Amino acid sequence: MTVKIVVLDTGCCNLTSLCAAIRRLGVEPIVTDEASVARQADRLFLPGVGTAQAAMRELQKRGLTQCIVGSLCPVLGICLGMQLLGAQSEESGGVPMLGVIDQTVSKLQVGELTLPHMGWNRVKLTTNDPLFEGLQNPLGEYFYFVHSYAYSVNPQTIATAEYGVEFSAAIRQGNFYGVQFHPERSGAAGARLLANFIGGVQ
């Protein structure tokens, strides 16, 4: 059976690298901004870069919010897409978001370090999850990050990273997953995580 992989065009991201990474796994993704197409997905990607305010405005304009929240298939939010699953962002004085994860996204408190947090960082698992199948090891794998906001460590956290402070590198709530890093830019470890999402998670 062919798995239908849908990448949501949120209007707030460059989809080229993500789609290329999926194609390297032997799967042709469907890119869409139509809820009717997204509802037919077997796996749904929610990517995003930029601001939460702009992304939520685009999701609402395209009629995608209820489609995402009501999804019954596995959903993977990437970077800003992960943050959009939360209840609200502290950005711009407070931005209401999708509310799948009952957590607030906050600006990283990094002391003298610079923002955004950009570059390779080690991700440590806090629980075994099929999203990280084959990547579990005592030291953790390195993934590529570009962000200034994140979830603190919370009950939905399945992996953490540190940059001035410990934060959630990956979360899960039922069939909803989120990764703060960019798996499509994270080499072999990122490719394995994408393959796990496409072929292994429920």
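User: What makes a pair of cysteines a disulfide?

Analyst: A disulfide is a pair of cysteine sulfur atoms within 2.5 Å. This model is predicted, and it holds zero disulfides.

User: Why is Cys 73 called buried?

Analyst: Buried means under 20% relative accessible area. Cys 73 has 11% relative accessibility, so Cys 73 counts as buried.

User: What about Cys 19: buried or exposed?

Analyst: Cys 19 is at 5% relative accessibility, so Cys 19 counts as buried too.

User: How do you know that the span of helix α6 agrees with its number of residues?

Analyst: Helix α6 covers residues 187–199, which is 13 residues. At 1.5 Å a residue, α6 should span 18 Å. Its end C-alpha atoms are 18 Å apart, so the two agree.

User: Which residues of α6 are buried, and what covers them?

Analyst: The buried residues are Ala 189, Gly 190, Leu 193, Leu 194, Asn 196, Phe 197 and Ile 198. Their cover includes helix α1 (16–23) and the strands β1 (5–8), β3 (43–46), β4 (75–78), β9 (141–147) and β13 (176–179).

User: How many helices and strands does the chain have, and why is the chain called compact?

Analyst: The chain has six helices and 13 strands. Its radius of gyration is 15 Å, close to the 17 Å that the globule rule gives for 202 residues. So the chain is as compact as a globular protein of that length. Buried residues make up 52% of the chain.

Methods
Residues numbered from 1 in each chain as written. Predicted model: local features only at pLDDT ≥ 70, side-chain atom pairs only at ≥ 80, totals over all residues. Heavy atoms only, no water. Buried < 20%, exposed > 50% of the residue type's maximum accessible area, 1.4 Å probe, protein only. Helix = DSSP H or I, 4+ residues; strand = E, 2+ residues; numbered from the N terminus. Expected span 1.5 Å × (residues − 1). Contact = heavy atoms within 4.5 Å. Rg over C-alpha atoms; globule rule 2.2 N^0.38 Å.
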